Amino acid sequence: MYDMLLRQCRLLERDGTISEVDIGIESGLISEIAPQLLRPAKITLDLQQRLVSPAFVESHIHLDSALTAGQPRWNQSGTLFEGIEIWGDRKQSLSLEDVKTRAIETLKQQALQGTLWVRSHADVSEASLTTLQALLEVREAVKDWITLQVVAFPQDGIYSNSTNEALLEKAIDMGADVVGGIPHYELTREDGVRSLHKIFDLAIQHDRLIDIHCDEIDDDQSRFLEVVVAQTIKTGLGDRVTASHTTAFGSYNNAYAVKLLGFLRRTQINFIANPLINITLQGRTDTYPKRRGVTRVKELWQQDVNVSFGHDCVQDPWYTLGTGSMLDVAHMGLHVCQMTGIDEMNACYDMITWNGAKTLNIADQYGVEIGKTANLIVLDASDRYDALRRRPVVNYVISRGKLLCRTEPPRSMWNGTI
Ligand code: FE2
């Protein structure tokens, strides 16, 4: 007997094809997939041709600052730098419980909307390391229903004061999964380059992944991505390295950008774009024409570079909106990056699923396949395009083979005369 049987699924396969199948789940694993399964089940869900997809992957969020919009004041300029200032004030009043409560509430909102893997940055620029400790405790508390990776992120820079370097090292010793950085916010170009060398050294020494906030600025002279590329080539770290944001890449002249794309192809670096926030945060010093402030997602995708989309912030000093929906993220991404061809839209869906899994280094666990853990979602949609266009509710979320949450699709009634 199956623990759970999903009947009449439209299963989204890795290559984009859709199979009409039943899915049997036993002991948390997907045990059978076939056009018609006949064994009985403890729980049977009749999906009536709804879309079954692997759960969404949130590859870039800041859970420590989530749900703090307006505290202690609103970001009036809408800039990254005012956001950093406001967060500097808000983090004076952080407590373990404060961070944990907001982080778990945000994760619940994400899970309700189909996300079961999350990479969150934790600000390790304050001496108590409260945010890191809180997110490490949250990682443990939620592990039965969502997988959380924690990045030790030196928000104020590693060399902007005398204590941050040691705090980053301590954060890694405490158990952060990933080493972070912010080279464009170091005091000088030289400090930025030095910070990247330090990050790669720490990652090698402690066997950690790397995810750098890289060139999140409209300055076309912000060129730390080339240092990340060079270090990745020299160290051979390949797809263990991720460059987040890289918004300056959208401002580079084409001659430089094309050269850089060529170097990039020698690495397997992952890119993360955060279109919801960067379309609002960047371009603030422009008059007109006003830049979109997003990295070259389409060109990277065309070059077979792994790109995923992240939400980045949910109701915090940098981005006061957001619900945690990855469909919203991909929807904004395909607009901002002008990826409206059908293959391009489908690629945008992949950027919140398979590509995110590759970035998080969990691709071997990911997908709706026999023998894998049943982490899947049921969308009230027929295919990827339909899901992106309408952004329907996630009808069922199945985590570790169990029904984690259920949302009924709204039904409208037409009461007109025609
Ligand atoms: Fe970020």
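Which residues coordinate the iron ion, and at what range of distances?

**View 1. The iron site of the predicted model.** The iron ion is held by H60, H62 and H213, each through NE2, and by D312 through OD, at 2.2 to 2.4 Å; donors are N, O and S atoms within 2.8 Å of the metal (3.2 Å for Na, K and Ca), and sites may look incomplete because water is not among the atoms. The angles among the 4 donor atoms run from 82 to 172°, and the site is classed as irregular, the class left over when four donors are neither tetrahedral (all angles between 85 and 135 degrees) nor square planar, and six are not octahedral (for both of these, opposite donors over 155 degrees apart and all others between 65 and 115). This is a predicted model, in which local features need pLDDT of at least 70 and side-chain atom pairs count only at pLDDT 80 or more, whereas totals for chains, interfaces and linings use all residues. Residues are numbered from 1 along each chain as its sequence is written, and side-chain values use heavy atoms, with hydrogens and water left out.

View 2. In sequence the donors of the iron ion are spaced as H-x1-H-x150-H-x98-D. Because H62 sits in the loop between strand 5 (56-61) and helix 1 (80-90) while H213 belongs to strand 9 (residues 209-214), the pair ties together parts that are 151 residues apart in sequence; helices (H or I, at least four residues) and strands (E, at least two) are DSSP runs, numbered from the N terminus. H62 is buried at a relative accessible area of 7%, and H213 is likewise buried at 3%, where buried means under 20% relative accessible area, exposed over 50% and partly exposed in between (1.4 Å probe, protein chains only).

**View 3. Helix 6 and its packing partners.** The buried residues of helix 6 (residues 225-235) are L225, V227, V228, V229, Q231 and T232. They pack against helix 5 (189-206), strand 9, strand 10 (241-245), helix 7 (254-264) and strand 11 (270-273), contact being defined as heavy atoms within 4.5 Å. After helix 6 comes G236, with a positive phi near 75°.

View 4. Strand 1 (residues 2-12) and strand 2 (residues 18-26) run antiparallel and are joined by 7 bridges, strands being paired if DSSP finds at least two bridges between them. C9 has V21 of strand 2 as its bridge partner, and the hairpin leaves 5 residues between the two strands, with G16 in the turn at a positive phi of about 95°. Strand 2 is also joined to strand 3 (residues 29-34) by 5 bridges, again in an antiparallel arrangement, with G24 opposite E32; in this hairpin 2 residues lie between the strands, and S27 takes a positive phi near 50°.

**View 5. E85 and the overall chain.** E85 lies in helix 1 and is exposed at 53% relative accessibility; its C-alpha atom is separated by 41 Å from that of P409, which is 324 residues away along the chain. The chain as a whole has 13 helices and 15 strands, and 58% of its 418 residues count as buried. Among contacts between residues at least 6 apart in sequence, 75% join residues at least 24 apart.
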